[in-house]
Amino acid sequence: MVKAVFTAVALAAALTAAQAGRPCEQQAPEASNVLRSMELAARTQTRLDASGAQVVVLARAGQNLSAYGLRWSHLGWAYRLPGEGNAWRVVHKLNHCGTASAALYRQGLGEFFLDDLYQYEAALVVPTPELQAQLLPLLLDNQRLAQLHTPDYSMVAYPWAQRYQQSNQWAIETLALAMEPGATSRARVQAWLQFKGYQPSTLRIGALTRLGARMTAANVAFDDHPSDKRYSDRIETVTVDSVFSWLGRSGLGGSVQLVR
Amino acid sequence: MHTLRHDTKAWKAQVWISMKTSIVVVSFALALTGPVRAHGPSSDASAVSMLPVAVSVAAPVMLLSAGATLTVLSVGAAAEGTVWVLERASDGARASITLSGQVAGGASVAVGTVVVCTAFSAGWVLSAAGKAIAYIPNQIGQALLYNERVTW
């Protein structure tokens with residue numbers, strides 16, 4: 001029993017650290033990590049410049065999520081600053097130090113990757129020209145960016161509920177807003193996403209792990225999931241991998257490009 | 001505590017070389033207009049929020065070369081932020097580095113701390129015992145830095 005509890009707590013800790021939910025560690029980063037992060041940022045900028053795109057979906061690997069069959073942990077919308085040569089910005093949603101709330105940030109590629117990465121690689125998908133054209137003005141407009149933002153955060157938020165919102169979920173709901181400006185509520189953009197065939201990842205998370213995570217992590221909640229799925233250990237949530245897969249399948253984006 | 005105050009639009013980099021003194025002065029003037037700053041504890045970008053970034057550096061040519069070992073001579077406060085004076089043990093050459101805002105890790109950088117300077121494609125990293133204590137961006141690095149909180 002002790003071991004089982006320990007395992008649950010360890011998994012909870014891994015869950016807690018996953019995606020955009022880190023505890024605030026008051027310690028300096030390893031110098032080698034800073035170098036590798038900034039070099040990855042520079043390589044990514046070179047790749048973005050060469051892509052010819054104005055807007056891309058950009059992902060990082062902040063944690064090892066292979067136990068869940070996932071490669072990437074977090075995504076944001078990267079866009080070229082209009083009229084400023086090759087400067088890029090990333091708009092994304094970040095959880096506040098393991099708490100139950102999150103906010104939207106506009107950052108440089110350096111900040112996006114300066115995050116104690118698990119793998120110093122990035123992935124990007126170039127959306128269709130039409131989607132880029134719809135997204136770019138929205139990404140420049142803080143009011144529209146915030147339109148569907150819900151501060152209450154759970155890293156395993158249910159994709160078809162509105163109680164919480166995790167980072168990747170905000171990103172695709174905002175994509176839907178860009179493509180369907182009339183869909184001005186989270187419920188309506190979620191209906192659009194379902195209509196367009198988005199399918200979330202299903203994580204197998206047992207009861208003990210759920211309990212451990214709920215007890216130890218403020219940024220993990222399961223009470224927005226339907227009971228039948230929750231009690232059969234099936235936790236559906238928006239993952240980078242599922243978004244990449246959907247963008248390719250739906251024709252909204254191209255293939256996944258790696259930056260090593 | 002916030003350590004990053006970047007407005008890349010407003011970065012004005014000026015580099016000049018004083019031939020008489022062989023001093024290279026790199027000054028990154030920051031215009032802190034608008035809500036362009038990181039407030040902490042803010043995000044999972046914890047590494048960068050803990051990493052002070054240099055806004056100006058005055059150092060002899062080649063002092064910031066790869067592998068240079070420096071010693072912290074003084075840690076002081078200035079209007080722009082925190083100022084460290086570093087000295088190279090081998091010849092006494094000194095560097096003055098101004099770090100933006102409040103330096104989160106500053107408390108742990110005491111006089112006498114031995115600092116290693118590592119040069120790379122996006123600038124320089126100063127480290128103590130393997131931990132990064134400051135980042136000095138070059139032009140490539142500046143273009144990669146920006147931090148703005150969009151929602152509150």
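Two strands are said to pair if DSSP finds at least two bridges between them. Strands, for their part, are DSSP runs of E with at least two residues, and helices are runs of H or I with at least four, numbered from the N terminus.

Colleagues, the model shown is predicted: local features need pLDDT of at least 70, side-chain atom pairs count only at pLDDT 80 or more, and totals for chains, interfaces and linings use all residues. Residues are numbered from 1 along each chain as its sequence is written, while chains are lettered from A and ligands numbered from 1 in the order in which they are written.

I begin with the sheet. Its seven strands run in the order S8(A)-S5(A)-S1(A)-S2(A)-S3(A)-S4(A)-S10(B), open and with antiparallel pairing. The edges are S8 (257–259) of chain A and S10 (147–149) of chain B, each pairing on one side only. Within the sheet, S3 (residues 88–95) and S4 (residues 102–107) of chain A are joined by six bridges, and Lys93(A) stands opposite Leu104(A) in S4(A).

Leu104(A) is also one of the residues touched by Val150(B), where contact requires C-beta atoms, placed from the backbone, within 7 Å. Val150(B) lies in the segment after S10 of chain B. Is this residue buried or partly exposed? It is partly exposed, with 18 other C-beta atoms within 10 Å; buried requires 20 or more, exposed 12 or fewer, and partly exposed falls in between.

Finally, helix H4 (residues 129–139) of chain A buries Leu135(A), Leu138(A) and Leu139(A). The face turned away from that buried side carries the exposed Pro129(A), Glu130(A) and Pro137(A).

Methods. Two residues are in contact if their C-beta atoms, placed from the backbone, lie within 7 Å. Lists of a residue's contacts leave out its neighbours within four places in sequence.
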